[in-house]
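Hi everyone, thanks for coming. Let me put a structure on the screen and walk you through a few places in it.

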Amino acid sequence: MEMKQSLTMDRGNEGGVKVKGEESSQENGRLMQAHGGMAEKGDPRVNSGGGSGGVSNGYPTSTAQSPREGGGPPLGLPTGGLRTLVVQQTNLDRPRETWSKKMDFLLSVIGYAVDLGNVWRFPYICYQNGGGAFLLPYMLMAVFGGVPLFYMELALGQFHRSGCISIWKHICPIFKGIGFAICIIALYIAFYYNTIMAWALYYFLASFQPTLPWTTCTNPWNTNHCLRYLSTDSNLTWTNTSTSPAEEFYTRQVLQVHLSPGLHALGSVSWQLALCLLLIFTVVYFSIWKGVKTSGKVVWVTATFPYLVLLVLLIRGATLPGAWRGVVFYLKPDWGKLLSTTVWIDAAAQIFFSLGPGFGVLLAFASYNPFHNNCYRDALVTSSVNCLTSFLSGFVIFTVLGYMAEMRQVGVETVAKDAGPSLLFIIYAEAIANMPAATFFAIIFFLMIIMLGLDSTFAGLEGVITAMIDEFPQVLSKRRELFVLGLVGVCYLGALSTLTYGGAFVVKLFEEYATGPAVITVVFLEVIAVSWFYGTSRFCSDVHMMLGFSPGLFWKVCWVAICPIFLLFIIVSFLAFPPEVKLFDYLYPPWTTVLGYCIGVSSFICVPAYMVYHLLTTKGTFKQVIGPDHCTHLPCGL
């Protein structure tokens, strides 16, 4: 869109000249220029990367044009003294939405990064890989891999003010398929992740009764193998075929997985879970339909309430008998584990999925920041909070597991054999049921699980919404509410397979194959495109323009070399050691592995497909086809 602008050059009272021209712009602004084009420090409209014709964040450069070749002063003007260039621009496009407060942004990022995985995955991975010794590879992977990627995405989103699709026209257009792949991956996550919240909502609603339904073996869903066993029950003996009432409530009443033999016969949709998921998506819709102005307010509750509950549960767990056994088991270092490559693989994967770069969320959230916001400090603060939350969650979980071991008079390793959702919905639910004031603790615990999941869902869908609206603004920008409604509807329909009797098998399949390998590969290509094609020097100049200082050598080395190696290490490890997928007593057959890889490839295929499309439809030399001038130098140095 061409916009009229007036330029006035002035030197005291000695006269001046007025120039009128037309130049495209993306936002209103003012540029003060002195001594032949030295711009005001930190102005976002200056081309710091050395390119011509515009800056990498989409803002055009505006300089005084001379009628004489060579860029000298206009005729009739003295060569000395101070010259001032004032640019006033008018834009008919609707200005970009911004966060109401800085804390809205910080809480949204923290709520996104701190999710269910911090509560169930980190404690299990930690004790499985050497307890306290695991913290060493975990911190190393965070410092050299996770946090640099986190910082890079926040800086990219804030500078270019674009979602994960349209941002590539500023970086390297041939990689635009990365943005489409990210959106598809986000949809796959929405298909299964919200179902876990539906399970938690079922538990939450079932908790409003004096006796929790997973504490007894006299319910219609219980079997003859159900046994409520504690150390006080001297007349009962726990055998290998025994099942706890909490396990049977989870598998036979909530999931009803006993009605499905496997993925080949999922069975009917559970109407109870369908209603629970409908309520979850209703809350999600009315939280994000208006944009970050509304979601930024909701996270003040959903991002802070889990910390209050974690603190209450930590204090309660620390006062339980046997809690110290769980803490010792959690933190006792086994330094010999560090010689195993599995420990380092798990540390790398855990920090990557915990911080969550590559899902388009950090790009979207940062794009609503003021241009000069200190995203460097934000990256350090939010990533530190995320890691500390994981560590704190370990104490919350293992104090209770120590209590369960004490009550059953068994080792903690016997109680802590389950990972993933089972750790929350069976082990922890059973522990809560045996506490005083069990109903109260069950209500706040499952409400915490729901809120942890809601934050991540808000973020994941906002990443898709921002990407699509930025890519198709003429169609979607004024129809955001309808687009969000359609997106939520698609996510609900896509999740129906996870609500069947065999839905838990589908959730596990999506979790293992549909998202993990694909998103790691996408982020690997993203960091290569930014560091090697766009150029680390240019990227650091962008950061300097925003913050007033450039990233140090440590960050440059991480972006150019360490982060790609970090991601490649995870990818190769996954391919070399594919996980054996098992849920309850169901071992996934080989054909499900093929199905899982096909789902994963269905998103990643967008990257090479768009590259081919770009090469076939773009005219010019090979360098011109690859992208802008700053994308044709491979590799770019430090």
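Let's begin with Asn 386. Leaving aside residues up to four places away in sequence, Asn 386 touches Ala 113, Val 114, Asn 118, Ser 354 and Leu 355. Before I go further, please keep in mind that this is a predicted model.

Where does Asn 386 sit? Asn 386 is part of helix 13, which covers residues 375-408. Is Asn 386 buried or exposed? Its relative accessible area is 0%, and buried means under 20%, so Asn 386 is buried.

Now look at one of those partners, Val 114. You will find Val 114 in the loop between helix 1 (102-113) and helix 2 (116-128). Val 114 is buried too, with a relative accessible area of 5%. Again not counting residues up to four places away in sequence, Val 114 touches Tyr 307, Asn 386, Thr 389, Leu 452 and Ser 456.

Some of these names come back in the UniProt record. In an unreviewed entry, UniProt places the feature "binding site" at Gly 111, Ala 113, Val 114, Asn 118, Ser 354, Asn 386, Leu 452, Asp 455 and Ser 456. These positions are spread over 346 residues of sequence, yet they cluster in space, with a largest C-alpha distance of 13.5 Å.

Let's move on to the cysteines. How many disulfides are there? The count comes to one, and it joins Cys 217 to Cys 226, with an S to S distance of 2.0 Å. For anyone who would like a reminder, a disulfide is a covalent bond between the sulfur atoms of two cysteines. Here the torsion about the S-S bond of Cys 217 and Cys 226 is about -70 degrees, so this disulfide is left-handed. Cys 217 is partly exposed, at 26% relative accessibility, whereas Cys 226 is buried, at 11%. Two other cysteines to look for are Cys 126, buried with a relative accessible area of 0%, and Cys 172, which also counts as buried at 0%.

Last stop: the surface. Leu 136, Met 139, Leu 140, Val 143, Phe 144, Trp 335 and Phe 554 form a nonpolar patch there, and together they have about 630 Å² of accessible area. Which element gives the largest share of the patch? That is helix 3, residues 135-160, with five residues. Phe 144 is in helix 3, and with a relative accessible area of 34% Phe 144 is partly exposed.

How values were computed
Residues numbered from 1 in each chain as written. Predicted model: local features only at pLDDT ≥ 70, side-chain atom pairs only at ≥ 80, totals over all residues. Heavy atoms only, no water. Patch = residues over 30% accessible without salt bridge, like charges linked within 9 Å, V, L, I, M, F, W, Y side chains within 5 Å. Areas by Shrake-Rupley, 256 points an atom, 1.4 Å probe, with all protein chains shown as cover. Salt bridge = Lys/Arg side-chain N within 4 Å of Asp/Glu carboxyl O. Helix = DSSP H or I, 4+ residues; strand = E, 2+ residues; numbered from the N terminus. Buried < 20%, exposed > 50% of the residue type's maximum accessible area, 1.4 Å probe, protein only. UniProt positions renumbered as here; feature names shortened; annotations may be inferred. Contact = heavy atoms within 4.5 Å. Disulfide = S-S within 2.5 Å.
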